[in-house]
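Open the model in your viewer and keep the selection panel at hand.

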Amino acid sequence: MLNRRAFFATTAAVAIAAAPAVTVADVSADRELLELGRQWEIAVERRVTATELADRLLAEYERTKPKTPRLRATAEDCERGISRNVGATIPWESVLLACRRAREWRTQPEHTPGRIKWVERFERAYERHDTALKVHAKSIGLTAADDEYDAAYDALNAIEERIVAARCSTLEGLRVKARVAKRLIPPVTDVEHDWHDTAALAVIESILNGGPI
């Protein structure tokens, strides 16, 4: 008795064996799909290269980025409840919270400039640090690498959408679609991989190999 995996693989093999002979008209009909397949291979390589570069530069960025400033509490900070001890280091989370509160308070006319003066120091520190991070990311090439990664991702997706939508009349055209499908299905070692993925991969491998796996 065949298990379900073997059934899917055998079914795909029978379908391939029973496929009609390829004609000149079929090849002509699949010409655009085959060209898309060629473009897809190039787009995949571009995506891989962009990912490797972005990952490498991100690791360098995390290792070399400017350190978070250590702000010391003043008597006014303690009075406003930001810190309990004058001179104590204020957690960076408190800096972000202070910036958010500052923006909220400035929309309320009953709060005078003196009321929010204590948070302006935090805002300036945050802005300086944020600018320093952006400058550093750009200086090591991470910003440009991220832009290239996004562009490569979008280009690959656009080609895959066209391949999925295209009609095919030949086994070679079907194999173009199968290569795309294989990339989109999690590998067997993936924690999210399940029986449905296994069955789909069995059919895909049969199409790509021209017979049962």
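Start by selecting Arg183 and Glu160, whose side chains meet in a salt bridge at 2.7 Å, N to O; the term requires a side-chain nitrogen of Lys or Arg within 4 Å of a carboxyl oxygen of Asp or Glu. This pair links distant parts of the chain, with Arg183 in helix α8 and Glu160 in helix α7, 23 residues apart. Helices here are DSSP runs of H or I with at least four residues, strands are runs of E with at least two, and both are numbered from the N terminus. Arg183 is partly exposed, at 34% relative accessible area, whereas Glu160 is buried at 5%. Buried stands for under 20% relative accessible area, exposed for over 50%, and partly exposed for what lies in between, with a 1.4 Å probe and protein chains only.

Before moving on, note that this is a predicted model: local features need pLDDT of at least 70, side-chain atom pairs count only at pLDDT 80 or more, and totals for chains, interfaces and linings use all residues. Residues are numbered from 1 along each chain as its sequence is written, and side-chain values use heavy atoms, with hydrogens and water left out.

**Arg175**

Stay in helix α8 and select Arg175. Is this residue buried or exposed? At 17% relative accessibility, Arg175 counts as buried. Arg175 and Glu172 are three residues apart in helix α8, so about one helical turn separates them. An α-helix has 3.6 residues a turn, so residues three or four places apart point the same way. Glu172 is partly exposed, with a relative accessible area of 42%.

Now show what surrounds Arg175. Not counting residues up to four places away in sequence, Arg175 touches Ile207, Leu208, Asn209 and Gly210, where contact means heavy atoms within 4.5 Å.

Select the whole of α8. This helix has 14 residues and reaches 20 Å from its first C-alpha to its last, close to the 20 Å expected at 1.5 Å a residue; the expected span is 1.5 Å times one less than the number of residues. Its buried residues are Gly173, Arg175, Val176, Lys177, Ala178 and Val180. Among the elements that cover the buried residues of α8 are α3, α7 and α9.

At 1.5 Å a residue its 15 residues should span 21 Å, and its end C-alpha atoms are 21 Å apart, which agrees. Buried residues in α9 include Asp197, Leu201, Ile204 and Ile207. Just after this helix, Gly210 takes a positive phi of about 75°.

**The nonpolar cores**

Select Leu33, Leu36, Trp40, Ala43, Val44, Leu156, Ile159, Ile163, Val176 and Val180, the 10 residues of the largest nonpolar core. Such a core is a set of buried Ala, Val, Leu, Ile, Met, Phe, Trp, Tyr and Cys residues joined through side-chain atoms within 4.5 Å. Which helices each supply at least two residues of this core? They are α3 (31-64), α7 (142-165) and α8 (171-184). The largest share, five residues, comes from α3.

Centre on Leu33. Leaving aside neighbours within four places in sequence, Leu33 is in contact with residues including Ile163, Cys168, Val176 and Lys177. A second, separate core has eight residues, including Ala54, Leu57, Tyr61 and Leu133.

**Glu62 and Lys65**

Select Glu62 and Lys65, whose side chains meet in a salt bridge at 3.1 Å, N to O. Glu62 is partly exposed at 45% relative accessible area, and Lys65 is partly exposed at 34%. The count of salt bridges comes to nine.

**The whole chain**

Clear the selection and colour by secondary structure. The protein chain has nine helices and two strands, in the order α-α-α-β-α-β-α-α-α-α-α from the N terminus. Of its 213 residues, 31% count as buried.
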